[in-house]
Amino acid sequence: MTEPPGEDAPGGAPRDPALPAEPTDAAEPAESGDGEFPGLRASVEAILLVVDEPVAEITLAQLLERPTHEITAVLRELSAEYTAQGRGFDLREVAGGWRYYTRDVCAPVVERFVTDGQQARLTQAALETLAVVAYRQPVSRARVSAIRGVNSDGVIRTLTLRGLIEDAGQDPETQAHLYRTTGYFLERLGLRDLEELPELAPFLPDDLPEEIIEDK
């Protein structure tokens, strides 16, 4: 007794039932065109190379039309890969997004290239004022001046112009203008949020007045 032949293949020749079925017109390729689209990792890297501020995971997910968890996984993989390879740059999560930064150990070389011998650092007064705003925000000019023991109006204007601090409204009781740090401040320090600021107590002198070091 003979077995029934398999389903006829194109041209009338019998098809071996053990072989996979031939593809049909319904199975279209996922990507079309003259060339293939770049992979997810390459796409993420290309975007991060041109951004001028940290870009959020959800923004990348919407742009690349991929789930957010996939974008997060790629970002963390790339960051770990750059670190393991000892690259001159790394990928950091800061200020609610991701951005490339030169690696810390390369800072002296980069600084020489960027400044070309010119001093671009903040003054001591500006650093002191910025620290007060960062740890006591929202804080008024008068409060900053009281903590520093010197008028800080000019320094606050400078920090505002440089985008490191911004207006945070008015005190409901005194109507004084309040100031806080900006997203640019977090970006420049490489922080994700203010919770990553280092503990201040170990750096304070023992004889500092209690009203200055008390919690906000």
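What is the mean pLDDT of the protein chain, and what share of its residues reach 70 or more? The mean pLDDT (the predictor's confidence in each residue, from 0 to 100) is 79, and 72% of residues reach 70 or more. This is a predicted model, in which local features need pLDDT of at least 70 and side-chain atom pairs count only at pLDDT 80 or more, while totals for chains, interfaces and linings use all residues. Residues are numbered from 1 along each chain as its sequence is written, and side-chain values use heavy atoms, with hydrogens and water left out.

**Confidence**
- Where pLDDT is low, predicted coordinates should not be read in detail.

**Helix packing**
- Helix 1 (residues 40-50) and helix 2 (residues 57-64) have axes that come within 11 Å and cross at roughly 120°.
- Helix 1 is therefore oblique to helix 2 (angles under 35 degrees count as roughly parallel, over 145 as roughly antiparallel, 65 to 115 as roughly perpendicular and the rest as oblique).
- From helix 1, Leu 40, Ser 43, Val 44 and Ile 47 meet Leu 60, Leu 63 and Leu 64 of helix 2.
- The residues of this contact divide into 6 nonpolar, 1 polar and no charged.

**Ser 43**
- Ser 43 lies in helix 1 and counts as buried because its relative accessibility is 13% (buried means under 20% relative accessible area, with a 1.4 Å probe and protein chains only).
- Apart from neighbours within four places in sequence, Ser 43 is in contact with Pro 38 and Leu 64.

How values were computed. Axes are lines fitted to C-alpha atoms, for helices over the stretch in contact, and angles run from 0 to 180 degrees between N-to-C directions. Helices (H or I, at least four residues) and strands (E, at least two) are DSSP runs, numbered from the N terminus. Contact means heavy atoms within 4.5 Å. Ala, Val, Leu, Ile, Met, Phe, Trp, Tyr, Cys and Pro count as nonpolar, Asp, Glu, Lys and Arg as charged, and the others, Gly among them, as polar. Buried means under 20% relative accessible area, exposed over 50%, partly exposed in between (1.4 Å probe, protein chains only).
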